[in-house]
Amino acid sequence: MEPAKTISVVCPENVRAGYKNIPLAEFDPAVHVPFDRETGKPGLRADGPTVAEYVAAGYLASAYPPDGYASRSTDEEIAAAVAAQQDNGGANATVIDIPADWQTLHWKQRVALAEKLNGDAALSPDEGQTQGDAADAVIVAEVARRAG
């Protein structure tokens, strides 16, 4: 099971630690300042992937760098990776495996799979729709796209 996606942000009210964790979906760069727990200082984490590592892990280059991480690649490397994926019909350079029995996965695993298929973008369920239902819709659409 994949843990919930959170990001550490500066929290002056937390005198002892100096930060708090919030859900990634609630992160607003206009309001929150990222906090690097490794260094104990405000700012983006510097231990993230390069754009090549990010794409190799199955993510879209256009979503690089991941939330909360500083870029470790040059603008030219990022542009080249984005162009390579666009030349590939907009498809991810690494095809994300969808298990044949994906319907039997726990709903949290289906959400993680759907987010990865969406380039690590958080799901936005419609009103009255669960995260699991939103994930199922994304996965069904991708399976149909690959079959057709």
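This is a short chat about a predicted model of one protein chain.

Biologist: Start me off. How many helices and strands are in the chain?
Modeller: The chain has four helices and four strands. This is a predicted model, by the way.

Biologist: What pattern does the chain follow along the sequence?
Modeller: It runs β-β-β-β-α-α-α-α.

Biologist: And the overall dimensions? What box do the C-alpha atoms fill?
Modeller: Roughly 55 × 40 × 25 Å, taken along the principal axes. The chain has 148 residues, and 30% of them count as buried.

Biologist: Charges next. How many positive and negative ones are there?
Modeller: There are 12 positive and 22 negative charges. Their mean positions sit 7 Å apart.

Biologist: Now the inside. Which residues make up the largest nonpolar core?
Modeller: Twelve residues do. Among them are Ile96, Ile98, Trp102, Val111, Leu113, Leu117, Leu123 and Val138.

Biologist: Which elements give two or more residues to this core?
Modeller: Helix H3, residues 107–117, and helix H4, residues 131–147.

Biologist: What comes just after H3?
Modeller: Gly119, with a positive phi of about 75°.

Biologist: Switching to the strands. Where does Ser8 lie?
Modeller: In strand S1, residues 6–10.

Biologist: Is Ser8 buried or exposed?
Modeller: Buried, because its relative accessible area is 9%, under the 20% cut-off.

Biologist: What does the side chain of Ser8 pair with in a polar contact?
Modeller: The side chain of Asn21, at 2.6 Å. Not counting residues up to four places away in sequence, Ser8 touches Tyr19, Lys20, Asn21, Val33, Pro34, Phe35 and Arg37.

Biologist: Pro34 is in that list. Where is Pro34 found?
Modeller: In the loop between strand S2 (19–23) and strand S3 (35–36).

Biologist: Loop residue, then. Is Pro34 buried or exposed?
Modeller: Pro34 is buried, with a relative accessible area of 13%. Beyond four places in sequence, Pro34 is in contact with Ser8, Val9, Val10, Phe27, Pro42, Gly43 and Leu44.

Biologist: How far is Pro34 from Thr50?
Modeller: Their C-alpha atoms are separated by 19 Å. The two residues are 16 apart along the chain.

Biologist: Last topic, Gln85. Which helix does Gln85 lie in?
Modeller: Helix H2, residues 75–87. Gln85 is buried, because its relative accessible area is 6%.

Biologist: Which backbone nitrogen lies 2.8 Å from a polar atom of the Gln85 side chain?
Modeller: The one of Ala61.

Technical notes
Residues are numbered from 1 along each chain as its sequence is written. This is a predicted model: local features need pLDDT of at least 70, side-chain atom pairs count only at pLDDT 80 or more; totals for chains, interfaces and linings use all residues. Side-chain values use heavy atoms; hydrogens and water are left out. A nonpolar core is a set of buried Ala, Val, Leu, Ile, Met, Phe, Trp, Tyr and Cys residues joined through side-chain atoms within 4.5 Å. Buried means under 20% relative accessible area, exposed over 50%, partly exposed in between (1.4 Å probe, protein chains only). Lys and Arg count as positive and Asp and Glu as negative; His and the chain ends are not counted. The place of a charge is taken as NZ of Lys, CZ of Arg, CG of Asp or CD of Glu. A polar contact is a pair of N or O atoms within 3.5 Å; within protein, one must be able to donate a hydrogen and the other to accept it, and residues adjacent in sequence count only if both atoms are side-chain atoms. Contact means heavy atoms within 4.5 Å.
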